[in-house]
Amino acid sequence: MSPDKEIALHAYVQEQISKPFEFGVNDCPLFVAGAIDTIKGTALRAKYTGLWHNQKSAWKYARKHGDISQQLKQLGYQPVEISHVQTGDIIVMEQRLAHEKKWRSVAICIGAKVAIMRDDIGVEIVDIFKVPNITEVLRWQ
């Protein structure tokens, strides 16, 4: 990644820190889509904004169209070993929801840290080794 793109990614993450979580407006897939837009000059965030409005409608959308991890793979993102993670990589985590449903959430790597969208506080910067339940790392190939 070029230094300009990395600086832009860090600026995007800092800008997002004060914004509250809201399904379909500012949630983990949309946060990561915005990071991808910043790095690649795409418009993924605009494409997905408003397609769901709560956990149930997000779940329905993911079941019908594939979750964010599956959609990123369709766009050309490929799995890489977590030991090779680098700035701009997408961190995929698995969570359990009510009724034992599995849900994948995503975050963006920013060096030795990861920017994660949390539903209680919005974006949080955490050490990569403290990220729970990482199932894969995706990188644009």
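1. Basis of the model. The model is predicted, with local features needing pLDDT of at least 70 and side-chain atom pairs counting only at pLDDT 80 or more, while totals for chains, interfaces and linings use all residues. Residues are numbered from 1 along each chain as its sequence is written, and side-chain values use heavy atoms, with hydrogens and water left out.

2. Cysteines. A disulfide is taken here as a pair of cysteine sulfur atoms within 2.5 Å, and the count by this rule is 0. The sulfur of Cys28 has its closest cysteine sulfur in Cys109, at 16 Å, which is too far for a bond. Cys28 is buried at 9% relative accessibility, and Cys109 is buried at 0% relative accessible area. Buried means under 20% relative accessible area, exposed over 50% and partly exposed in between, with a 1.4 Å probe and protein chains only.

3. The cavity. On a 1 Å grid over the protein atoms alone, a cavity is a set of points where a 1.4 Å probe fits but cannot get out; a pocket is an open set with protein on both sides within 12 Å along at least five of seven lines; lining residues have an atom within 4 Å of a point. Grid points are joined across faces, edges and corners, and a volume is the space filled by probe spheres set on the points. The structure holds 1 cavity of 30 Å³ or more, and the largest cavity has a volume of about 40 Å³.

4. Lining of the cavity. Helices (H or I, at least four residues) and strands (E, at least two) are DSSP runs, numbered from the N terminus. Helices H2 (28-40), H3 (44-48) and H5 (68-74) each supply at least two lining residues of the largest cavity, and H5 gives the most, with 3 residues. By class, this lining has 7 nonpolar, 1 polar and no charged residues. Ala, Val, Leu, Ile, Met, Phe, Trp, Tyr, Cys and Pro count as nonpolar, Asp, Glu, Lys and Arg as charged, and the others, Gly among them, as polar.

5. Gln71. Gln71 is one of the residues lining the largest cavity and lies in helix H5. Gln71 is buried, at 8% relative accessibility.

6. The largest pocket. The largest pocket has a volume of about 680 Å³. Of its 35 lining residues, Cys28, Gln95, Trp103, Arg104 and Ser105 lie nearest its centre. Helix H4 provides the largest share of this lining, 6 residues. The lining comprises 19 nonpolar, 6 polar and 10 charged residues.
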